[in-house]
Amino acid sequence: MTNQNETGWNFDNSYARLPEIFFTNQNLNPVRSPNLIILNSPLAASLGLTVEKLQSEDGIAVLAGNRIPEGGSPLAQAYAGHQFGHFTMLGDGRALLLGEQITPQGERFDLQLKGSGRTRYSRGGDGRAALGPMLREYIISEAMHALGIPTTRSLAVVETGEAIARETYLPGAILTRVAFSHIRVGTFQYAAKWGTVEELRTLADYTIKRHYLDIDADGNRYLSLLQEVIKRQAALVAKWQLVGFIHGVMNTDNMAISGETIDYGPCAFMDTYDPETVFSSIDVQGRYAYGNQPYIAGWNLARFAETLLPLLHDDQEKAVKIAQDAISGYMEKYQKNWLAGMRAKLGIFNEEEEDATLVEDLLNMMQKYRADYTNTFRALTIDKIEVTSLNGNLEFMQWHEKWQARLGRQENSNESSQKLMRNSNPAVIPRNHRVEEALDAAVNEGDLSVMEKLLNVLSKPFAHSSEQEEYCTLPAPSNLPYRTFCGT
Ligand code: AMP
Ligand code: MG
């Protein structure tokens, strides 16, 4: 047996030291015959973990939830949340926090197993996850990371050797998720609803210590927390919009207080530009459509602000006023981030009043003529407008002239504009048909090579290399819209 310390486990379990209402210690639910499908070696190394040890029988046993790593303290977290607008009690129904790994650089990351079996919070669910969706989370979260978007990451996927019952029987799997933390808006909602004010304060203080160390000890530190969370979410959602990422299920339990993207369920990237794009099969109202995401983030932040009321001021009315003032600043922050990002996508360094119109005109055209979002910006970036479906369109050619004139009104060289565009416009995104193709090979044929090739291409989204070109092609036209699913 390997000495587990050789693996590099270095846990500290600060969450387990919170008041007990926040979690339930959880025994392992061992699985029959774990088989390591994929391991993220660079991520393992950055966490201070030895790749060969993780690949050993003992290492795989940890990643399968069959063995507690040295120093780990498995627990399921309690939280609540608004799901499609309706408040409900939730919690880790199929996940287990192993502990917080302290890296050689002294950073702290949650290591969580997803699909690890039933917990106190499982309600009617089996606590398990299927291989396809876990590999899908692996691909998309790693693609998001490479795009420079704050996100939870994926360390490994292990097949459990057990079939799980969905519409059919599917191979079960466990994903090891790495996160700055799993503290959600829903964690605060849970504390505000079922905890004492002191427990709520403890959670807020804990969160500040973990994610917002710059907040002063003096002044209204809980207002500062609210403002900082607003700032990070405004930046995060702007980044999603800029690459065409649709989260799909922006319930308040799926919004992380750290400002990282969390919970890859029915998410997907948009091909054709259309603000009404929805992929999630259950989002029939389009609540979480691409164009709604900035507003929904604002709505979720208002729910977060409500939880903080008892900490913001002793006088309830004053507390409400403080919270409202903070929340009312969100949209402007979001817009600023978004416009700054759009300027970069168009190679613009300085600011002009008319820039927003220039951007909107382009987006309106994309929508009207059903142009591909990523490829339109890519075509402008590599200066090959012939590769967009808008090429030759009179409206577009006029817009192009206006844009060129706009670029002429800044001191920066064409070269630096092009460099800015290359770094702001991905050549490749995890397009749905490519992701499906990779999952099909992995799950149905046991062939990981398609997924590995895709992951490799997605790891350098701004390379604009010739080997990436085949990944820029669009899916064959289909009468059926692409659909994604939750909780699978
Ligand atoms: P999600 O849609 O992944 O955000 O999950 C919403 C809630 O349902 C969370 O509390 C999950 O832990 C729980 N959940 C999802 N799938 C399962 C499952 N198979 N078994 C138990 N709980 C689940
Ligand atoms: Mg969730």
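Colleague: How do the axes of helix 7 and helix 8 cross?

Modeller: In this predicted model, the axes of helix 7 and helix 8 (residues 293-312) cross at roughly 170 degrees and come within 10 Å. Helix 7 is therefore roughly antiparallel to helix 8.

Colleague: Which residues of the two helices make the contact?

Modeller: Helix 7 contributes Tyr 222, Leu 223, Leu 225, Leu 226, Val 229, Ile 230, Gln 233, Val 237, Trp 240 and Gln 241. From helix 8 come Gln 293, Pro 294, Ala 297, Leu 301, Phe 304, Ala 305, Leu 308, Leu 311 and Leu 312.

Colleague: And by class, how many are nonpolar, polar or charged?

Modeller: The contact of helix 7 with helix 8 has 16 nonpolar and three polar residues, and no charged ones.

Colleague: Turning to the largest nonpolar core, which residues touch the most other members?

Modeller: Those are Phe 188 and Leu 346, in a core of 92 residues. Helix 7 (residues 221-243) supplies the largest share of this core, with 13 residues.

Colleague: Why does the core lie between domain 1 and domain 2?

Modeller: Both domain 1 (11-179) and domain 2 (348-422) give residues to this core, so it lies between them. The C-alpha centres of domain 1 and domain 2 are 42 Å apart.

Colleague: What is Phe 188 in contact with, leaving aside neighbours within four places in sequence?

Modeller: Phe 188 is in contact with Ile 183, Leu 200, Leu 203, Ala 204, Thr 207, Leu 225, Ile 257, Phe 304, Thr 307 and Leu 308. Among these partners, Leu 225 belongs to the helix 7 side of the contact with helix 8, and Phe 304 and Leu 308 belong to the helix 8 side.

Colleague: What does the second, separate core include?

Modeller: That core has 25 residues, including Ile 37, Ala 129, Met 134 and Val 428.

Colleague: Let us change topic to helix 12. How many of its residues are buried?

Modeller: Nine of the nine residues of helix 12 (residues 373-381) are buried, so the helix is described as mostly covered. They are Tyr 373, Thr 374, Asn 375, Thr 376, Phe 377, Arg 378, Ala 379, Leu 380 and Thr 381.

Colleague: What covers the buried residues of helix 12?

Modeller: The cover includes helix 7, helix 10 (330-345), helix 11 (355-368), helix 13 (394-408) and helix 14 (414-424).

Colleague: What about Phe 84 and its phi?

Modeller: Phe 84 likewise has a positive phi, near 50 degrees, in a residue other than glycine. Phe 84 is in the loop between strand 5 (80-83) and strand 6 (86-89), and is partly exposed at a relative accessible area of 24%.

Definitions and conventions
Residues numbered from 1 in each chain as written. Chains lettered and ligands numbered in written order. Predicted model: local features only at pLDDT ≥ 70, side-chain atom pairs only at ≥ 80, totals over all residues. Heavy atoms only, no water. Core = buried A, V, L, I, M, F, W, Y, C linked by side-chain atoms within 4.5 Å. Buried < 20%, exposed > 50% of the residue type's maximum accessible area, 1.4 Å probe, protein only. Helix = DSSP H or I, 4+ residues; strand = E, 2+ residues; numbered from the N terminus. Domains from an automatic or database assignment. Contact = heavy atoms within 4.5 Å. Axes fitted to C-alpha atoms, helices over the stretch in contact; angles between N-to-C directions. Parallel < 35°, antiparallel > 145°, perpendicular 65-115°, else oblique. Nonpolar A, V, L, I, M, F, W, Y, C, P; charged D, E, K, R; others polar.
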